[in-house]
Amino acid sequence: MIKANNPNLVSWVTVPEHSDFPIQNLPLGVFKTDQLEARVGMRIGDSILDLKTLHILGYLENLPYNVSAFDSTSLNLLMKKGKLSARRLRDRVSDLLNLVNTELQNNQHHVEQVLISVSSAEVLMPIEIGDYTDFYSSKEHATNVGTMFRDPNNALLPNWLWIPVGYHGRSSSVIPSGQAIHRPKGQTKPNDDQAPIFGPSKMIDFELEMAFVTFDGKALGDTISTAEAEDYIFGLVLFNDWSARDIQKWEYVPLGPFLAKNFASSISSWIVSLDALQPYSVDTPSQDPEVLDYLRFEGQNSYDINLQVAITPDSSEETIVCNSNFKYMYWNMAQQLAHHTINGCNIRGGDLLGSGTISGPTPDSYGSMLELAWKGTKPVPMSDGTERKFIQDGDTVTMRGYCKNDKVRIGFGEVASKLLPSK
Ligand code: MN
């Protein structure tokens with residue numbers, strides 16, 4: 001077992017009940033305050049542990065990181081050192097925060113310097129994303145979309161059960177939780193027998209996804225097997241892959257998503273390590289037909305992560321519109337990474353690989369408004385009496401995720417972003 005995952009650990013740092021961030025989580029992020037410039041921190045309860053100051057004070061010696069890895073506006077330098085180094089860092093911090101360890105706990109002067117209330121900090125974009133890839137790995141989602149737009153009897157395209165289908169997205173517009181976005185404008189074709197028009201999209205949607213961030217991979221030309229894949233995964237975030245359905249419908253043939261997808265994608269602030277998720281690993285859904293050899297895998301490579309989406313209209317209460325789970329994904333992350341590199345494509349530290357919309361088997365577990373409101377035919381009621389077919393100006397979309405077994409709950413916090421009118 002990974003030392004820091006011990007469910008019996010208790011921290012001397014106060015952790016509120018039902019917090020996503022007990023000592024068994026310790027996700028990494030980047031933050032700043034009025035007094036401190038941007039740096040790397042670890043989240044525990046409602047506090048952030050300042051790893052830069054902790055390093056300067058000598059608590060992170062014998063680890064393979066210079067202070068520059070923590071004195072940084074991103075986590076990318078940490079990713080350069082690989083999985084075992086990241087595990088040692090998390091184990092060391094876990095030791096320092098352990099109730100039975102007085103090393104830091106009893107040095108009040110140091111505690112005051114390294115523990116910062118999250119309410120007094122600004123949490124920043126945690127990674128400099130190199131490349132962003134988005135998959136399409138939920139069978140339920142692909143089936144729903146195929147049913148709506150093509151043929152209910154042949155909802156999945158012929159390649160879907162053989163290939164973890166994906167496309168290359170755009171990293172420049174991946175933004176942190178809390179950053180509002182403007183409704184994009186573009187070309188749409190509302191009437192089949194008329195010319196296309198230009199204007200603000202009328203069908204802004206969220207996509208409930210998770211994304212994983214990679215360590216440095218192998219050289220161009222080499223491949224990462226499913227057995228090796230998890231050694232190259234740094235951690236996971238919640239991911240709202242904003243989409244403009246009307247723009248998408250008109251532009252996507254024949255090369256796939258473009259301007260309908262690249263105007264914004266929002267990620268949660270704290271990167272939860274794959275190590276921390278190990279206690280929640282589960283079997284991947286059975287795959288039929290049997291996959292080609294390079295996509296075969298052993299062990300439990302899927303993760304039981306409860307996911308939720310809420311819509312909060314301007315000056316109103318939130319309505320939960322979706323409850324799904326990461327474990328529904330047909331293709332697991334190891335298969336996605338193996339497929340991505342099977343042609344020799346090189347993955348680099350700080351790449352972001354999205355799961356694709358995560359829909360479950362029931363209508364309340366669909367991961368997009370397109371599916372929840374079934375192409376606008378079943379508007380979704382809000383608690384303020386209004387209803388939604390898609391996202392309206394002023395709405396905030398919030399996604400949350402957590403894992404829970406009989407001993408410990410860990411979570412991702414949230415990714416929340418507000419949709420503003422077109423510029
Ligand atoms: Mn997507």
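This report describes charged pairs, aromatic pairs and nonpolar cores in a predicted model.

## Salt bridges

Side chains of opposite charge can pair when their charged atoms come close. In this predicted model the count comes to 23 salt bridges, and three of them are described here in turn. In one of these, the side chains of R39 and D50 meet with a distance of 2.9 Å from N to O. The two residues belong to distant parts of the chain, since R39 lies in strand β2 (residues 39-44) and D50 lies in strand β3 (residues 47-50), 11 residues apart. R39 counts as buried because its relative accessibility is 4%, which falls under the 20% cut-off for that term, and D50, at 0% relative accessibility, counts as buried as well.

A salt bridge also joins K52 to D71, with the closest N and O atoms 3.4 Å apart. Here the partners are 19 residues apart, K52 being in helix α1 (residues 51-56) and D71 in the loop between α1 and α2 (76-79). K52 is buried, with a relative accessible area of 11%, whereas D71, with a relative accessible area of 37%, is partly exposed.

## A link between separate loops

How many residues apart in sequence are the parts that D216 and K80 tie together? The side chains of D216 and K80 meet in a salt bridge of 3.4 Å, N to O. D216 lies in the loop between β13 (208-214) and α6 (226-229), and K80 lies in the loop between α2 and α3 (82-97), so this pair ties together parts that are 136 residues apart in sequence. With 28% relative accessibility, D216 counts as partly exposed, while K80, at 53% relative accessibility, counts as exposed.

## Aromatic rings and the charges over them

A search of the whole structure finds six aromatic pairs. One of them is formed by Y330 and W331, which are arranged edge-to-face, with 5.4 Å from centre to centre and 80° between the planes. Both Y330 and W331 are buried, and together with W160 they form one aromatic cluster. Another aromatic pair, made by Y366 and W374, is tilted, with 6.2 Å from centre to centre and 40° between the planes. In this pair Y366 is buried, with a relative accessible area of 12%, but W374 is partly exposed, with a relative accessible area of 22%.

Aromatic rings also take part in arrangements with charged side chains. The charged end of K375 sits over the ring of F149, at 5.2 Å from the ring's centre, and R409 lies over the face of Y402, at 4.1 Å from the ring centre.

In soluble globular proteins, nonpolar side chains tend to be buried together. The largest nonpolar core of this model has 59 residues, and within this core F206, L236, L277, I305 and F326 touch the most other members. Strand β26 (residues 409-420) gives the largest share of this core, namely four residues.

Which residues does L277 touch, when residues up to four places away in sequence are not counted? The contacts of L277 are with L236, V272, Y303, I305, C403, I410 and F412. There is also a second, separate core of 47 residues, and this second core includes W12, L51, Y132 and V237.

Terms used. Residues numbered from 1 in each chain as written. Predicted model: local features only at pLDDT ≥ 70, side-chain atom pairs only at ≥ 80, totals over all residues. Heavy atoms only, no water. Salt bridge = Lys/Arg side-chain N within 4 Å of Asp/Glu carboxyl O. Buried < 20%, exposed > 50% of the residue type's maximum accessible area, 1.4 Å probe, protein only. Phe/Tyr/Trp six-rings, centres within 6.5 Å; stacked < 30°, edge-to-face > 60°. Lys NZ or Arg CZ within 6 Å of the ring centre and 35° of its normal. Core = buried A, V, L, I, M, F, W, Y, C linked by side-chain atoms within 4.5 Å. Contact = heavy atoms within 4.5 Å.
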